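User: I would like to learn how to read a few features of a structure. Can you take me through them?

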Amino acid sequence: LDYQHVQVPFEITLWIMLASLAKIGFHLYNKLPSVVPESCLLIFVGLIMGGIIYGLNDKSPPVMDSDIFFLYLLPPIVLDAGYFMPSRPFFENIGTILLYAVVGTIWNVFGIGFSLYGICQVKAFRLQDVSLLHNLLFGSLIAAVDPVAVLAVFEEIHVNEKLHILVFGESLLNDAVTVVLYKLFRSFCEMPTIKSVDIFAGVGKFFVVGLGGVLVGLTFGMTAAFTTRFTKDIRVIEPLFVFLYSYLSYLTAEMFHLSGIVAIIACAMGMKRYVEANISLKSHTTVKYFMKMWSSVSDTLIFIFLGVSTIGENHEWNWPYICFTVIFCLIWRALGVLVLTFFVNRFHVNTITSKDQFIIAYGGLRGAICFSLVFLLPDFHRKKLFIAATTVVILFTVFVQGMTIRPLVDLLAVKRKRESSPTVGEQIHIRFLDHLLAGIEDISGHWGQYYWKDRLEYFNSKYLQKILLREYDQPKSSIVLLYEKLERKHAIELAEAGQLGHGPSPPALLRSGFLCSNDDRTVITDKKLEDTLNPNVLENIQEILARNLYRIRRTGPAYNRHTLPGETEPMEHAKEILILRHKSL
């Protein structure tokens with residue numbers, strides 16, 4: 001056997017296969033997902049595998065490499081979250097999200113760090129050798145709310161859209177704060193003396209990391225949109241550009257020591273609107289399902305390796321320090337949410353209820369980000385203590401908080417997510433109110449969110465769409481554009497359901513006034529049609545059209561390596577669908 005030749009890809013494939021089988025087994029028993037979050041089961045499977053590896057080899061199982069996590073496993077999850085994130089609620093609550101992500105994270109870091117330093121001064125605990133800087137360094141990594149854990153739990157409990165976007169948006173954007181503070185305190189620990197200039201440099205670096213990540217992401221997002229403008233004749237590579245530019249934005253940001261997570265979110269949200277207008281329907285479906293599959297595999301591997309890496313001899317069990325770490329994480333998280341929400345509610349009409357505040361505080365789950373950061377710590381005599389404390393906090397938040405958050409949501413009767421999508425009338429009224437409020441803000445001289453949204457939409461229609469969209473017409477009213485978008489979406493749904501192969505409806509035939517045959521064309525008025533055509537004649541006409549009208553489209557095109565079957569004349573097909581639907585109204 002030449003196992004060494006295929007060892008790495010073979011073992012990677014086996015791990016992915018194990019993770020996928022675990023997910024299948026988890027969902028076979030219908031009652032289990034309603035009680036235990038999927039992330040808990042995967043960590044439990046990892047603990048069993050780690051115990052087996054430790055028992056067979058009598059040594060610690062391999063630890064999840066931090067580079068593998070940050071460079072290969074995390075980007076697909078964040079890309080999926082950013083690409084499919086509802087942009088309207090995100091930007092409507094961007095101020096609150098930034099307040100929680102920036103101020104809230106700084107509050108947690110210093111609160112936990114100073115509290116643990118106070119515990120270390122108790123002589124009975126024998127922790128006097130842990131300095132204030134080391135406690136602040138530990139606080140910077142343990143305060144990070146993990147987007148992977150939050151996404152895994154909150155997608156299963158289906159809370160209302162605002163609550164979900166606040167918790168998930170915070171967990172995504174606090175990465176910039178966490179990484180900057182982590183690197184800042186880590187450099188301080190290595191300095192013989194700390195000067196005031198170093199502190200101001202650290203504050204400036206925080207803004208550079210966040211804003212630089214946004215700039216890098218938007219640059220690659222616009223480039224991706226511009227590239228897809230020229231893929232009309234080679235459709236098969238359209239999905240590739242979505243993934244390549246997104247991943248390049250993440251790697252470029254990390255290369256310049258900026259926030260990769262912020263960069264990939266900005267890239268995904270920036271390019272989605274233009275890319276989807278340029279690529280074909282099949283390319284859009286490919287992007288959607290491959291992105292979901294890729295993020296699901298990464299998510300599964302992360303939680304399994306969390307469990308595997310927990311087993312081993314790289315822990316120092318000082319239970320007072322570990323228990324107080326869990327307590328301080330809960331206390332400072334709750335205090336931060338209460339204080340910040342008090343100020344948020346003073347300036348908002350749609351306030352955050354006390355029930356939602358409790359879920360936000362309780363939903364601060366820790367996960368793989370802090371687990372990876374703790375293994376990146378420089379070697380010092382208390383590193384194993386920090387690893388043990390981080391492991392316990394992750395297991396506590398994922399198992400205890402993750403398993404009890406669903407019953408608490410039911411007990412508190414927290415508002416749930418709306419199951420049905422808004423109707424055409426509701427969406428048009430929402431857009432109408434946006435225009436109305438933008439006009440009111442403009443007249444009153446108040447530059448609020450609706451005013452800036454209207455300005456950005458004007459800039460987009462006047463400049464960006466002309467550059468980034470392949471087929472750009474003169475700008476129409478946004479209400480008309482919304483209606484056309486909904487009509488197109490409905491036509492696509494009909495096409496996917498296979499309901500377009502039956503010809504137009506009888507009302508459409510009656511109103512169209514045209515009957516076509518191979519020999520001649522007869523024009524008949526609506527009145528004559530209604531008088532002369534009985535239901536049997538209409539049925540025969542419909543059957544003839546069903547056989548002949550779409551016959552050309554059913555004919556498979558000649559093989560072309562650059563296109564997929566059914567890609568010929570997609571715009572003409574969609575336009576005809578819309579015309580037939582309009583005539584049948």
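**Reading the fold**

Analyst: The accessible surface of the protein chain is about 31300 Å², and carbon and sulfur atoms hold 65% of that. Areas come from the Shrake-Rupley method with a 1.4 Å probe; for residues, only the protein chains shown count as cover. This is a predicted model: local features need pLDDT of at least 70, side-chain atom pairs count only at pLDDT 80 or more, and totals for chains, interfaces and linings use all residues. Residues are numbered from 1 along each chain as its sequence is written, and side-chain values use heavy atoms, without hydrogens and water.

User: How many helices and strands does the protein chain have?

Analyst: Helices (H or I, at least four residues) and strands (E, at least two) are DSSP runs, numbered from the N terminus. The protein chain has 24 helices and two strands.

User: How do I describe the packing of helix α3 and helix α10?

Analyst: Two packed helices are described by the angle between their axes and the distance between the axes. Axes are lines fitted to C-alpha atoms, for helices over the stretch in contact; angles run from 0 to 180 degrees between N-to-C directions. Helix α3 (residues 66-83) and helix α10 (residues 238-255) pack at about 120 degrees, with axes 10 Å apart. So α3 is oblique to α10; angles under 35 degrees are roughly parallel, over 145 roughly antiparallel, 65 to 115 roughly perpendicular, and the rest oblique.

User: Which residues of α3 and α10 make the contact?

Analyst: Contact means heavy atoms within 4.5 Å. Among them are F70, L74 and L79 of α3, and F243, Y247 and L251 of α10.
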